[in-house]
Amino acid sequence: MHRPCKRALIHVKRGRKTLVRDTYFFGYGSLVNRATHDFAGAVPAHLRGWRRVWRHTTLRPVAYLTVVPDETAEIDGLIAPVARAHWPALDAREAAYIRAPAAHQVRHALPHRPEIAVYTIPEGHHGAPGKAHPILLSYIDVVVQGYLREFGEDGVTRFFTTTHGWDAPILDDRAAPRYPRHQPVTARERAITDDHLWRVGALGSPAQD
């Protein structure tokens, strides 16, 4: 079950009119890649108090990214407004996660202060990846492509250094991508991904198909 944010919308009064502003999501994985969704108005942002980590759940056969509380951590990401009617579809995409309020932990350049939710897998409902639940390389490619486009190569470096769990096995599915929102990637993008995977020690013992 998804627990909605305490306030789904923000009401801002201007004279006699009341404007309704959408709640935003903070994306830190595939949602950073704008090619995987249709949410307009996205802007780069930074989330403190949460650490990005590779985990798996019983609801998915492979590992995905989640965030866990960590007062010392800060990660880059993307925020975008979500109309109230569109939250159910986004919740379905992020199955196994719940929405946690995070507006007080997000830095951004917006002129207003919207409500912001971050998707996280609840404590006790996720475990470390293993051979039975590897990380898909097609998923990593999508995430890296998003960070490269939004934050450049320095942003990709920060993605790798601020993500925990790179000791998990990685399944090379580039020839037949299993990730449902996989994207075409260039030779340069693949090379950047592979170089960083080598640097964090994630290459060399891939999972077997």
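Biologist: Is aspartate 141 buried or exposed, and how do I read that?

Modeller: Go by relative accessible area: under 20% is buried, over 50% exposed, and in between partly exposed, using a 1.4 Å probe on protein chains only. Aspartate 141 has 5% relative accessibility, so it counts as buried. Keep in mind that this is a predicted model: local features need pLDDT of at least 70, side-chain atom pairs count only at pLDDT 80 or more, and totals for chains, interfaces and linings use all residues. Numbering runs from 1 along each chain as its sequence is written, and side-chain values use heavy atoms, with hydrogens and water left out.

Biologist: Where does aspartate 141 lie?

Modeller: Helices (H or I, at least four residues) and strands (E, at least two) are DSSP runs, numbered from the N terminus. Aspartate 141 lies in helix 2.

Biologist: What does aspartate 141 touch, leaving out residues up to four places away in sequence?

Modeller: Contact means heavy atoms within 4.5 Å. On that basis, and with those sequence neighbours left out, aspartate 141 touches Arg174, Val185 and Thr193. Tyrosine 179 is 38 residues from aspartate 141 in sequence, and their C-alpha atoms are 10.0 Å apart in space.

Biologist: How many helices and strands does the protein chain have?

Modeller: Three helices and 10 strands. Along the sequence they run β-β-β-β-α-β-β-β-β-α-β-β-α. Of the 209 residues in the chain, 52% are buried. Among contacts with a separation of 6 or more, 76% join residues 24 or more positions apart.

Biologist: Which residues have the most contacts inside the largest nonpolar core?

Modeller: A nonpolar core is a set of buried Ala, Val, Leu, Ile, Met, Phe, Trp, Tyr and Cys residues joined through side-chain atoms within 4.5 Å. The largest one here has 57 residues, and Phe26, Tyr28, Val118 and Ile140 have the most contacts inside it. Helix 2, residues 137-161, gives the most to this core, with 12 residues. Take valine 118: not counting residues up to four places away in sequence, its partners include Phe26, Tyr28, Leu47 and Trp50.

Biologist: How many cavities of 30 Å³ or more are there?

Modeller: Rolling a probe the size of a water molecule over the atoms shows where empty space is left. On a 1 Å grid over the protein atoms alone, a cavity is a set of points where a 1.4 Å probe fits but cannot get out; lining residues have an atom within 4 Å of a point. The count here is two.

Biologist: What lines the largest cavity?

Modeller: Its lining has 16 residues, with Ser30, Leu65, Glu94, Tyr97 and Tyr139 nearest the centre. Strand 2 (17-27) and strand 4 (64-82) are the elements that give two or more residues to this lining. The second largest cavity has Tyr97 in its lining too, along with Arg55, His56, Thr57, Arg60, Val62, Tyr64 and Ile121.

Biologist: Where is histidine 37?

Modeller: In the loop between strand 2 and strand 3 (43-55). Histidine 37 is buried, because its relative accessible area is 9%.

Biologist: What does the side chain of histidine 37 reach?

Modeller: A polar contact is a pair of N or O atoms within 3.5 Å; within protein, one must be able to donate a hydrogen and the other to accept it, and residues adjacent in sequence count only if both atoms are side-chain atoms. The histidine 37 side chain reaches the backbone oxygen of leucine 31 at 3.0 Å. A polar atom of that side chain also lies 3.2 Å from the backbone nitrogen of phenylalanine 39.

Technical notes
On a 1 Å grid over the protein atoms alone, a cavity is a set of points where a 1.4 Å probe fits but cannot get out, and a pocket is an open set with protein on both sides within 12 Å along at least five of seven lines; lining residues have an atom within 4 Å of a point. Grid points are joined across faces, edges and corners, and a volume is the space filled by probe spheres set on the points.
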